[in-house]
Amino acid sequence: MTGSTDRPHRVWRLTWVVGGLLAAAVLLLLARQRPMAPDRIRLLTGPAGSAYHAWGEAFSQALAKRGIKGTVIETRGAMENLERLGQEDGPTLAFAQSNIERELTDPAKAADLATLGSLAFEPMWIFVRRGLPFDGPLDLRGMRVALGRPGTGSRTIALMLLEANGLEGEIDTHAFEGLGQGEVGDALRHDRIDAAFVVGSTRSEAVDRLLRTEGITGWSMKRADAYDVRFPGLVALAVPEGVVDLAENIPDRPLETLAATTSMVAHEDLHDSLVAVLIAVAREVQPPASLESPAGVFPTAKYASLRVAATARRIYDEGPPPLSRIFPYRLAALLGQIAFVWVPALAVLAGILKVVPAALGARYAFRAFRLTRRLMQVERGLMTGEAPQLLARTLDEVDAQSTRLHVPPTKAGAFLELRQNIHDARERLADRARAGSEA
């Protein structure tokens with residue numbers, strides 16, 4: 001019996017070893033697929049003093065409260081942010097204007113990018129010399145127009161509108177590509193250009209100055225709703241009369257315009273826990289309600305020109321992950337990592353430990369059934385009076401084979417019952433033999 005009892009234990013030990021190794025393999029595989037949540041991130045912003053740089057500073061301070069180091073990196077703006085996004089080593093977030101990816105030198109790079117949501121509107125203004133007839137982009141035909149410097153949001157949107165209206169080559173733009181927003185006012189006042197596209201908030205110094213400059217006027221965008229429908233990442237935006245300055249009534253009439261959005265852009269593989277905290281930070285650092293940041297609108301997955309990252313979409317649709325609602329970032333990330341990595345590994349181990357007993361039990365039941373059939377032959381032989389010597393030989397074989405059975409713990413009761421039946425059959429056979437000798 002020693003061999004029959006030791007061997008099942010060896011089988012069980014082997015099962016634990018094999019199961020543990022497979023579980024460890026699954027754990028390592030999943031750990032490679034999803035590394036630990038990072039505790040630092042680079043923030044690609046814009047020049048010091050720009051709106052994007054202000055966003056970066058606000059994000060950095062809010063992240064620091066959660067134990068995450070946000071390094072603010074000054075850049076020339078949205079275009080450089082997208083160009084650099086794929087070159088940075090480690091988690092990186094870029095602030096960029098919707099649709100600016102159209103200006104990438106390698107459009108294929110946009111396929112690797114995703115947005116985590118929009119932060120604010122960036123209104124587009126069309127300023128013209130007062131007195132010029134203007135009712136929309138079609139009236140720009142034949143005019144001298146400043147679209148903005150290459151790589152800027154104003155130029156990107158302007159080119160989209162001109163192309164949609166079939167105005168390529170119909171306006172004079174090349175001589176004014178170097179004009180910045182601060183130079184547009186002088187160029188308009190001194191009749192060097194007829195119109196200019198400018199993207200900026202009502203709090204922007206350049207926009208405020210242009211709205212207040214004598215001889216320059218901002219014009220409504222006819223068919224703004226149509227552009228809203230046709231171009232993802234652009235939205236029709238109503239600019240109320242007096243929204244910039246109530247006392248001076250600036251602007252002096254309601255305007256309809258288009259707006260791009262400030263977007264959080266990253267790679268799709270940005271860690272889920274970090275995505276959740278970035279969206280939470282975006283809600284926290286929202287400025288007071290304004291034309292660019294209406295109350296309760298931002299951050300949002302709407303108005304995106306890039307695809308929305310899967311994790312971000314899930315958060316906007318279903319809310320933040322349960323763990324992040326309860327625990328601080330580091331603890332929530334650790335618990336999430338445990339759930340992601342350890343739960344499947346333990347499930348593999350549990351599955352193996354469940355399957356092996358079933359397999360061993362089936363193997364035992366098959367072999368025990370064969371012995372039980374032979375034991376029944378002995379019982380029938382006792383009832384029909386067969387020779388005790390032949391029955392004893394069969395019973396000895398059944399007894400010997402039963403001691404070599406591999407008995408899993410779940411079949412211990414059945415095994416003891418089999419051994420008891422063998423013992424009972426041997427006693428009856430002994431009784432028959434004694435009765436025969438007395439006769």
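Contact is taken here to mean heavy atoms within 4.5 Å. The structure is a predicted model, in which local features need pLDDT of at least 70 and side-chain atom pairs count only at pLDDT 80 or more, whereas totals for chains, interfaces and linings use all residues. Residues are numbered from 1 along each chain as its sequence is written, and side-chain values use heavy atoms, with hydrogens and water left out.

E268 lies in the loop between strand 9 and helix 8, where helices (H or I, at least four residues) and strands (E, at least two) are DSSP runs numbered from the N terminus. With neighbours within four places in sequence set aside, E268 is in contact with D112, A114, R307, A309 and A310.

Rolling a probe the size of a water molecule over the atoms shows where empty space is left. On a 1 Å grid over the protein atoms alone, a pocket is an open set of points where a 1.4 Å probe fits, with protein on both sides within 12 Å along at least five of seven lines, and lining residues have an atom within 4 Å of a point. The largest pocket has a volume of about 1,200 Å³, a volume being the space filled by probe spheres set on the points, with grid points joined across faces, edges and corners. Its lining comprises 43 residues, and S50, A51, Y52, Q181 and V199 are those nearest the centre. Two or more lining residues each come from helix 2 (51-64), helix 3 (78-85), strand 4 (113-129), helix 4 (153-164), helix 5 and strand 6 (195-199). Helix 2 makes the greatest contribution, with four residues. By class, the lining of the largest pocket divides into 20 nonpolar, 17 polar and six charged residues; Ala, Val, Leu, Ile, Met, Phe, Trp, Tyr, Cys and Pro count as nonpolar, Asp, Glu, Lys and Arg as charged, and the others, Gly among them, as polar.

Strand 6 is largely enclosed by the rest of the structure, because five of its five residues are buried. In a regular strand the side chains alternate between the two faces of the sheet. In strand 6, A195, F197 and V199 point one way and A196 and V198 the other way, and all are buried. Strand 6 pairs with strand 4 in the antiparallel sense over five bridges, pairing being assigned if DSSP finds at least two bridges between two strands. Within strand 6, V198 stands opposite W125. Strand 6 also pairs with strand 5 (residues 145-146), here in the parallel sense over two bridges, and A196 is the bridge partner of A146.

Helix 5 (residues 181-189) includes R189. V184, G185, A187 and L188 of helix 5 are buried, and the elements that cover the buried residues of this helix include strand 4, strand 6, helix 6 (205-212) and strand 7 (216-218). R189 has a relative accessibility of 45% and so counts as partly exposed. The side chains of R189 and D186 are joined by a polar contact of 2.6 Å, defined as a pair of N or O atoms within 3.5 Å; within protein, one must be able to donate a hydrogen and the other to accept it, and residues adjacent in sequence count only if both atoms are side-chain atoms. Not counting residues up to four places away in sequence, R189 touches T213, E214 and I216. The C-alpha atoms of R189 and G215 are 6.6 Å apart, with a sequence separation of 26 residues. Helix 5 is followed by D191, which has a positive phi near 65°.

N99 is buried, with a relative accessible area of 2%. N249, likewise not a glycine, has a positive phi of about 55° and is partly exposed, at 29% relative accessible area. The loop between strand 8 and strand 9 contains N249. P251 is also placed in the loop between strand 8 (235-239) and strand 9 (255-267), and the peptide bond from I250 to P251 is cis, with omega near -5°. A cis peptide bond likewise joins F298 and P299, with omega about -5°; P299 is found in the loop between helix 8 (272-284) and helix 9 (310-318).

How values were computed: Buried < 20%, exposed > 50% of the residue type's maximum accessible area, 1.4 Å probe, protein only.
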